[in-house]
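Visitor: I would like a guided look at this model, starting with its rings and charges. Could you take me through it?

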Amino acid sequence: MQIAVLTFDGFNELDSFIAAGILNRMRPQGWNAWITSPTEEVTSMNGVTVRRQRPIAFAQEADAVLIGSGIATREIATDAALLAQLALDPARQLIGAQCSGTLLLAKLGLIGDLPACTDLTTKPWVVEAGVDVIDAPFVAHGNVATAGGCMASQYLAAWMIARGASLADAEAAVHYVAPVGEKVTYVDRALGVIAPFVAAQAVAA
């Protein structure tokens, strides 16, 4: 499983790095999560500059795509040339978005009238884009998932692992990164959030 973690200038470090870190726990099984950006370097909302691992075109060929948030998402959402490079395909790809990344999913026409999640700051913009925002940390419809809140990145990563591999693999990945002394609590919470959507997709399939 090759995963594009879309990361733009002004990105939120928690979104890109936590998700990538958890997903890369699956490297022994051949998975790789790559920081994917339109430019060679991107600088976070807190001034952290990183070099991309894959160009933006990689998003179209990846098996899965995660779209993080950032302080420049509203501007990105109006950049027709950039959005045109994101011809994502939910029939073939697992696609997830977090916080203001949900706005990009809406602009790409991948949400429609389905309920979605986002953060409280971004909510008015996502509602303005015609999305039904719900008060929940995570929701998935088929191969498209959205999450709200920086720490909800663990849910997106766990869902992607569960869908691409198994719930047992998702449990192992979350268990590894969870705080010592709280691992059972973290695993139970994460699986409790994503499992109903994984099960629903299995039934639909």
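Here follow some questions and answers on aromatic pairs, salt bridges and pockets.

Guide: Before we start, this is a predicted model, in which local features need pLDDT of at least 70 and side-chain atom pairs count only at pLDDT 80 or more, while totals for chains, interfaces and linings use all residues. Residues are numbered from 1 along each chain as its sequence is written, and side-chain values use heavy atoms, with hydrogens and water left out.

Visitor: Is the pair of phenylalanine 138 and tryptophan 159 stacked, edge-to-face or tilted?

Guide: Rings of Phe, Tyr and Trp (its six-membered ring) pair if their centres lie within 6.5 Å; planes under 30 degrees apart count as stacked, over 60 as edge-to-face and the rest as tilted. Here the centres are 6.2 Å apart and the planes make an angle of 55°. The pair of phenylalanine 138 and tryptophan 159 is therefore tilted.

Visitor: How many residues apart in sequence are the parts that this pair, phenylalanine 138 and tryptophan 159, ties together?

Guide: Helices (H or I, at least four residues) and strands (E, at least two) are DSSP runs, numbered from the N terminus. Phenylalanine 138 belongs to strand E10 (residues 138–141) and tryptophan 159 to helix H7 (residues 153–164), so the parts tied together are apart in sequence by 21 residues.

Visitor: Which kind of pair do phenylalanine 138 and phenylalanine 197 make?

Guide: Their ring centres are 5.5 Å apart. Because their planes stand at 70°, the pair is edge-to-face.

Visitor: Is phenylalanine 138 buried or exposed?

Guide: The scale runs like this: buried means under 20% relative accessible area, exposed over 50%, partly exposed in between (1.4 Å probe, protein chains only). Phenylalanine 197, at 23%, counts as partly exposed. Phenylalanine 138 has 3% relative accessibility, so it counts as buried.

Visitor: Is arginine 51 buried or exposed?

Guide: Glutamate 40, one of its partners, is partly exposed at 44% relative accessibility. Arginine 51 has a relative accessible area of 54%, so it counts as exposed.

Visitor: Which helix gives the most to the lining of the largest pocket?

Guide: Helix H1 (13–23), H7 and helix H8 (167–177) each give two or more residues to the lining of the largest pocket. With three residues, the one that gives the most is H1.

Visitor: How many charged residues are in the lining of the second largest pocket?

Guide: Asp, Glu, Lys and Arg count as charged, Ala, Val, Leu, Ile, Met, Phe, Trp, Tyr, Cys and Pro as nonpolar, and the others, Gly among them, as polar. The lining of the second largest pocket has five nonpolar and seven polar residues, and the number of charged ones is one.

Methods: A salt bridge is a side-chain nitrogen of Lys or Arg within 4 Å of a carboxyl oxygen of Asp or Glu.
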